[in-house]
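Here are my notes on the model, as numbered points. Have the structure open while you go through them.

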2 protein chains.
Amino acid sequence: MTTASIAPGAAAPARHLLALDWGTTSLRAALMHADGTVIRETSSRDGILSVPAQGFEAVFQRVVGPWLQEFPDTVVLAAGMVGSRQGWFEAPYVACPAGFAEMAESLLWPEPGRRLALVPGLSMTHVEGAPDVMRGEEVQIFGALDALGTDDAIFVLPGTHSKWAVVQDRRITRFHTFMTGELYALLRHQSILARVMPADDDAPALTWPAQRDAFLAGVHAAGEGVLLHTLFSVRARGLFGHLPAEAQPDFLSGLLVGEEIREALSLLDAGGAGPLHLVCNALLCERYRSALDVFGLVGQAAADNASFRGLLAIARARVLLA
Amino acid sequence: MTTASIAPGAAAPARHLLALDWGTTSLRAALMHADGTVIRETSSRDGILSVPAQGFEAVFQRVVGPWLQEFPDTVVLAAGMVGSRQGWFEAPYVACPAGFAEMAESLLWPEPGRRLALVPGLSMTHVEGAPDVMRGEEVQIFGALDALGTDDAIFVLPGTHSKWAVVQDRRITRFHTFMTGELYALLRHQSILARVMPADDDAPALTWPAQRDAFLAGVHAAGEGVLLHTLFSVRARGLFGHLPAEAQPDFLSGLLVGEEIREALSLLDAGGAGPLHLVCNALLCERYRSALDVFGLVGQAAADNASFRGLLAIARARVLLA
């Protein structure tokens, strides 16, 4: 491992970090002092899907350009899909195991002399030969790990493509992706199951704890690895009045989250590993905690703003900051 | 069991059967002599989804009205989603086990004096308490069974909602539904996996046997009940060049069909039961045969026109025909 250093071409470490969490559907940015204090913060809908191929610089200037004029002694680190083939500049995946040092050394500096780097995603190959990838979540994991102050932990990042990641000795050693959130959205809005469900997720017919009961019934119904079959039961239960229309979205959510947990446990052997650290918003966290409880597991909310914390930790590992 | 009888209000058995297989997206019709000879046959896109709520009679008259004028001594049996709550008249589900006699006795004659009946679907309750249903497939199974001339068999009906059904003593004793085809369509066309696949299924970039290789690679990758995880591997394999874009649709198809077979075997204990009888078109049949072979199972194509044969057998069980 080479010694960490300041940004290429820079005379000295910077006084500020501009942390960008630039994903598929949103862009979040924070300008921080070297000590981690947040000075400016914003978020917008400028996810990479909405940015034309040559338009990243323009969006960047529009959203954070004024900050950089105000605080010129700043190094910029950008994580997420902005570093993918469809993003601004492609930062190739770094193979697991990887920790702060590997990430800091593998930063992509696309323009000589400019203090702007893309954080690479992580890749690994599973025992059966299939590759797996993450991009953006690794920074959240490093941020949550930094806040926890431990060396070993298992992180769960629920979402469109949920990630379960094992950290040993402060390095991500392996992870598995699950298409839970994307499958939920497809089935909830586009499948035959959607036909009898209420039209809109944003105005749920049920509120917690009635939602919770329907969700947990789904977790319990998740079964033993027969997802293609149990998914259809949502419709059949509805036909016979066992499951009212307004309870079906939460039941389906529970079915899929329960399946994810069962699959993850069979793949990760995470049973006796202490609490699972959940990196997500409070609502999803509550769902996963109650689902994990069904499996006899404890879920614990990780630190907020994990992305910004992770980028700060990576910048420090590279001595990019004064 | 009561004695079978002619159609309610009819003076004598009819000389002809008009068999309707009226599903979600299509309508197939055959006018047959009592001996089974097909006199007229047609199919159209008038599936129940395209028929307005009060429009079934008009579609019926447009498609088969002229036949009934030409052959007035005809009894009409209609199977499929036309007998559902969203169809023409609702024929309540009949609980398994059910054979020709139970189906014949449970026909719904919606209009007194009119020789037109709806065939009910089948329902059952699985051991874990979840209900399951089929509507239309039961007639195909009875037709295929009639053609086979055996009393016991396992039938596989691949499709949007695949069915695996166990027949004992000429009665369907239990069955399981799998959302294989619908999930394929959603993932193939609407998910993140679709983004790098060729645009159109109708003009596949690969032809058999290259398609077959990609399909079988998917079957082999189906894994041990970790579908949410293996689905994402399609994307990851693509990112690393392990799976070219044009092979991804067939790989995904194999992944899902392999998962269906594994789930069905775990639920039905169908391992030592002899050949599985496949009720589907030749293309799907070829796929399922090659996938079943991976599991050491033999798939055998069932008779063509199973729906029409099944409706004929049900009509005969009720002595509706001369």
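1. Helices (H or I, at least four residues) and strands (E, at least two) are DSSP runs, numbered from the N terminus. With that in hand, strand 11 (residues 162-168) of chain B pairs with strand 12 (residues 171-178) of chain B in the antiparallel sense, over seven bridges. One bridge to look up: A165(B) has F175(B) in strand 12 of chain B as its partner.

2. Housekeeping. This is a predicted model, where local features need pLDDT of at least 70 and side-chain atom pairs count only at pLDDT 80 or more, while totals for chains, interfaces and linings use all residues. Residues are numbered from 1 along each chain as its sequence is written, chains are lettered from A, and side-chain values use heavy atoms, with hydrogens and water left out. As for scores, ipTM is 0.92 and pTM is 0.92. Chain A has a mean pLDDT (the predictor's confidence in each residue, from 0 to 100) of 91, with 94% of its residues at 70 or more.

3. Back to chain B: its six-strand open sheet has the order 6-12-11-10-13-14, with mixed pairing. Strand 6 (98-99) and strand 14 (299-301) of chain B are at the edges with a single partner strand each, so one side of each has no neighbour in the sheet.

4. What packs on that sheet? Helix 7 of chain B does, touching strand 10, strand 11 and strand 12 of chain B (contact means heavy atoms within 4.5 Å). Its direction makes about 140° with that of strand 12 of chain B; angles run from 0 to 180 degrees between N-to-C directions, and axes are lines fitted to C-alpha atoms, for helices over the stretch in contact.

5. Helix 7 (residues 248-268) of chain B also has a helix partner: its axis and that of helix 4 (residues 180-190) of chain B come within 10 Å and cross at roughly 150°. On the helix 4 side of chain B, the residues involved include L183(B), Y184(B) and R188(B), and on the helix 7 side they include L252(B), L256(B) and E260(B). The contact residues split into seven nonpolar, two polar and two charged; Ala, Val, Leu, Ile, Met, Phe, Trp, Tyr, Cys and Pro count as nonpolar, Asp, Glu, Lys and Arg as charged, and the others, Gly among them, as polar.

Notes. Pairing = 2+ DSSP bridges.
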